[in-house]
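I have a fold open on the screen and a notebook beside it. These are my entries, in the order I looked things up.

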Amino acid sequence: MATDQQDEPKAGTPPGEGATTGPRLKDCPDWYYLIREFEVLYRQGSAGGSRSIRSHRKRVREAVSAVLEANPEMAVRAPEAKPVTAHLGRALDIGERGAMQGLARALSRVSGQLTWEYGYEKVSPALARKYAYCEVMGPNGPVRTGRLIIGFVLFAPNTTYPQHSHHEIEESYVSIAGAWSENDAAVYAPGSLILNRAGDEHRITTGEQEPCLLAYAWSGPEARLKLPEMKLTPPRQQKARREGRSG
C-alpha cells in the first residue's frame, strides 16, 4: 500500500512536531470496507443453535467493532505472493458468484496489497505449493490490534493440510469459495462456519477441482496471538488417531 514518506523534523523542532503520521483505517476505504464485512459476517450469520458459536461470534464482532471505532493507524506491509496465490483469482471469481460475494469483492479490492505467509519456520515443498494465509487485522496485520486476528487462508485444489492444533487459540473458519472438509466429518460449502476450541486437533481437505478460500478469526490471550504456536501433529500420531476414530 503506497503511502507518503514521513517528513524529517526540522532542526530544533521538539519531538513529535513537524513529523507526519501514516494513514488511518478510514483513510483507506478498501481496507475499511473489508474489515467491516467481517463485522457484518459475524453479526448477521447464524450460530445454528450453538451457544459456543454464538459466544465466539459475539467476541469476534465486538473486537472488530472496537477496531473500526478506534480507526487505528495503518501499518504498511510489503505485498508478498506464494505459489498458491496463482489460484486466488479463481477463488475470488467463485466467491463473487456465491453466498459470500460481499466479502469476496471486498478482498479483491486489496488483493494486490496482501502479505501471504506460511506460519512455520519449515514447510514441506509439497505444502508450500498448495497453501498460504494472510493476516489482515491483528498484531502483525496492516490493521493492528492485539485483541483478535482475522484473515484469509487459501488452498489449492486437492490439498490436505496436516493435522494440527493451536495452543490457547480459539478459531473459526468461514467458507468463501470452494468445498472443504475437516477431520473427514462433514463437507462445508460457502457460508458455512466451523469453530475449533483451543487445542483441538483438526485436518483440512479441499475438493479436487477448485481452490478453497476461507476467512478465519482467532481469539485468545494477546501474547499468544502475537506469537501463535501452530503445532503439527507427528504423522504416526495422525495415523493412530484416524484409525482410532474409524475403529
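**Ground rules**

I am working from a predicted model, where local features need pLDDT of at least 70, side-chain atom pairs count only at pLDDT 80 or more, and totals for chains, interfaces and linings use all residues. Residues are numbered from 1 along each chain as its sequence is written, and side-chain values use heavy atoms, with hydrogens and water left out.

**Confidence**

I started with pLDDT, the predictor's confidence in each residue, from 0 to 100. The protein averages 85, and 84% of its residues reach 70 or more.

**Overall make-up**

I found seven helices and 11 strands in the protein. These are DSSP runs, H or I of at least four residues for helices and E of at least two for strands, numbered from the N terminus. For burial I used relative accessible area: buried is under 20%, exposed is over 50%, and partly exposed is in between, with a 1.4 Å probe and protein chains only. Buried residues make up 45% of the 247 residues. Of the contacts with a separation of 6 or more, 71% are between residues 24 or more positions apart.

**The sheet**

In what order do the six strands of the open sheet run? I read it as β2-β1-β3-β10-β5-β8, with mixed pairing. Two strands count as paired if DSSP finds at least two bridges between them. The edges are β2 (143–144) and β8 (193–196), each of which pairs on one side only.

Next I went through some of the pairings.

- β3 (residues 149–155) and β10 (residues 212–219) are antiparallel, over seven bridges; Gly151 has Tyr216 of β10 as its bridge partner.
- β5 and β10 run antiparallel and are joined by seven bridges; Ala177 is bridged to Leu213 in β10.
- β5 and β8 run antiparallel too, with four bridges; here Ser172 has Leu195 of β8 as its partner.

How many of the eight residues of β5 are buried? I got eight of eight, so I noted this strand as mostly covered.

**Helix α1**

The buried residues of α1 are Trp31, Tyr32, Leu34, Ile35, Phe38, Glu39, Leu41 and Tyr42.

Most residues other than glycine have a negative phi, so I looked for exceptions.

Asn71 has a positive phi of about 50°. It sits in the loop between α2 (51–70) and α3. Buried or exposed, I asked of Asn71? Asn71 counts as buried because its relative accessible area is 17%. Leaving out residues up to four places away in sequence, Asn71 touches Arg24, Leu25 and Lys26.

Asp184 also has a positive phi, near 55°. Its place is the loop between β6 (180–182) and β7. Asp184 is exposed, because its relative accessibility is 57%.

**Pro190**

I found Pro190 in the loop between β7 (187–188) and β8. Pro190 is partly exposed, because its relative accessible area is 33%. Which residues does Pro190 contact, leaving aside neighbours within four places in sequence? My list is Ala99, Met100, Ser175, Ile176, Ala177 and Gly178.

**Cysteines**

Last, I searched the whole structure for disulfides (a pair of cysteine sulfur atoms within 2.5 Å) and found zero. Cys28 is buried, with a relative accessible area of 10%, and Cys212 is buried at 0%.

Definitions and conventions. Contact = heavy atoms within 4.5 Å.
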